[in-house]
Amino acid sequence: LEKFMKQRARLLSGLVAYGATAAMVVSMTAMAAPGSAKVQAIRAGGAQYTTDGTTWNTLQVGANLQAGDTVKTDAAGVVDLNLGKNGPALRITPDTTLVIQTLDLMAGEGETVATTELGLPNGKIHAVVRKLSASSKYEIKTPVSTCGVRGTDVSASSRGDFVVENGTGSVLYTPPGQTEPRQFQVPGGYTFDPVLNANNGGVIETL
């Protein structure tokens with residue numbers, strides 16, 4: 001009888017532990033949700049988007065873009081996106097290609113952790129980013145740099161320019177011929193320009 005009672009206790013203990021783990025996984029899954037980018041307006045020209053990198057469709061106001069989608073504006077295209085808690089606002093200028101790499105939201109204790117990663121292989125964008133929690137991340141990746149944003153109004157180009165109108169930002173930039181990136185802090189009212197200091201990059205006050 002004593003042996004049976006011990007086996008029963010171990011079984012119940014294992015079931016309780018499994019139940020607690022399963023409940024935690026379900027809870028974490030319920031708290032995690034993908035964000036989206038809604039097409040708020042097409043101010044001028046036109047744009048196309050693709051979900052598979054092959055088939056291009058005409059972009060329409062009201063469309064909801066997801067992580068993995070790519071948007072390309074034409075020579076006159078100006079598109080405004082609403083990223084919700086991953087933004088909120090993003091403007092795509094003419095002749096620009098924007099890759100929505102990551103739009104993740106995770107509800108934590110007393111805060112929402114937002115992870116936003118945007119690829120900018122060509123063109124220029126303007127973004128308004130609300131103040132982020134310490135665990136959140138907003139990055140714009142160009143062919144030569146990675147621009148980090150923390151609660152500010154910014155502009156970024158595929159050339160590597162990064163303008164911070166207010167708030168703060170940072171840039172990881174790898175100069176030509178080098179393999180290790182250099183980090184630059186960009187305060188409000190300043191611009192990172194990759195051609196400064198003989199293409200080694202630098203921060204200069206915005207005119």
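These legends accompany close-up views of a predicted model.

Residues are numbered from 1 along each chain as its sequence is written, and side-chain values use heavy atoms, with hydrogens and water left out. As the model is predicted, local features need pLDDT of at least 70 and side-chain atom pairs count only at pLDDT 80 or more, whereas totals for chains, interfaces and linings use all residues.

**Figure 1. The protein chain as a whole.** The protein chain holds two helices and 17 strands, these being DSSP runs numbered from the N terminus (helices are H or I with at least four residues, strands are E with at least two). Of the 207 residues in the protein chain, 37% are buried, where buried stands for under 20% relative accessible area, exposed for over 50% and partly exposed for what lies in between (1.4 Å probe, protein chains only). Among the contacts in the protein chain with a separation of 6 or more, 43% are between residues 24 or more positions apart, a contact being heavy atoms within 4.5 Å.

**Figure 2. Pairing of strands S3, S6 and S9.** Strand S3 (residues 47-50) runs antiparallel to strand S6 (residues 70-73), and four bridges join them; two strands are taken to pair if DSSP finds at least two bridges between them. S6 also pairs with strand S9 (residues 97-107), again in the antiparallel sense, over three bridges.

**Figure 3. Pairing of strand S2 with strands S5 and S7.** Strand S2 (residues 37-44) pairs with strand S5 (residues 64-65) in the antiparallel sense over two bridges, and there the bridge partner of Ala-37 is Leu-65. S2 is also joined by five bridges to strand S7 (residues 78-82), the two running antiparallel, with Val-79 in S7 as the bridge partner of Ile-42.

**Figure 4. The largest pocket and its lining.** The largest pocket holds about 170 Å³ of space. The 14 residues that line this pocket include Tyr-138, Glu-139, Gly-148, Val-149 and Ser-170, which are the closest to its centre. Two or more lining residues come from each of strand S12 (137-141), strand S13 (145-157), strand S14 (162-173) and strand S15 (182-187), and S13 gives the most, with five residues. On a 1 Å grid over the protein atoms alone, a pocket is an open set of points where a 1.4 Å probe fits, with protein on both sides within 12 Å along at least five of seven lines, and lining residues have an atom within 4 Å of a point. Grid points are joined across faces, edges and corners, and the volume is the space filled by probe spheres set on the points.

**Figure 5. Two buried residues with side-chain polar contacts.** Asp-193 belongs to strand S16 (residues 190-193) and is buried at a relative accessible area of 16%. Its side chain makes a polar contact of 3.4 Å with that of Arg-159, a polar contact being a pair of N or O atoms within 3.5 Å in which, within protein, one must be able to donate a hydrogen and the other to accept it, while residues adjacent in sequence count only if both atoms are side-chain atoms. Beyond residues up to four places away in sequence, Asp-193 touches Arg-159, Asp-161, Gly-201 and Gly-202. Thr-102, in strand S9, is likewise buried, with 15% relative accessibility, and a polar contact of 2.6 Å joins its side chain to that of Glu-117. With residues up to four places away in sequence again not counted, Thr-102 touches Ala-67, Thr-115, Thr-116 and Glu-117.

Figure 6. Leaving aside neighbours within four places in sequence, Glu-180 is in contact with Thr-174 and Pro-175.

Figure 7. Most residues other than glycine have a negative phi, and most peptide bonds are trans. Gly-87 and Pro-88 are joined by a cis peptide bond with omega of about 25°, and Pro-88 lies in strand S8 (residues 88-92). Asp-95, in the loop between S8 and S9, has a positive phi near 55° and is partly exposed at 46% relative accessible area. Asn-199, in helix H2 (residues 196-199), has a positive phi near 70° and counts as partly exposed at 38% relative accessibility.
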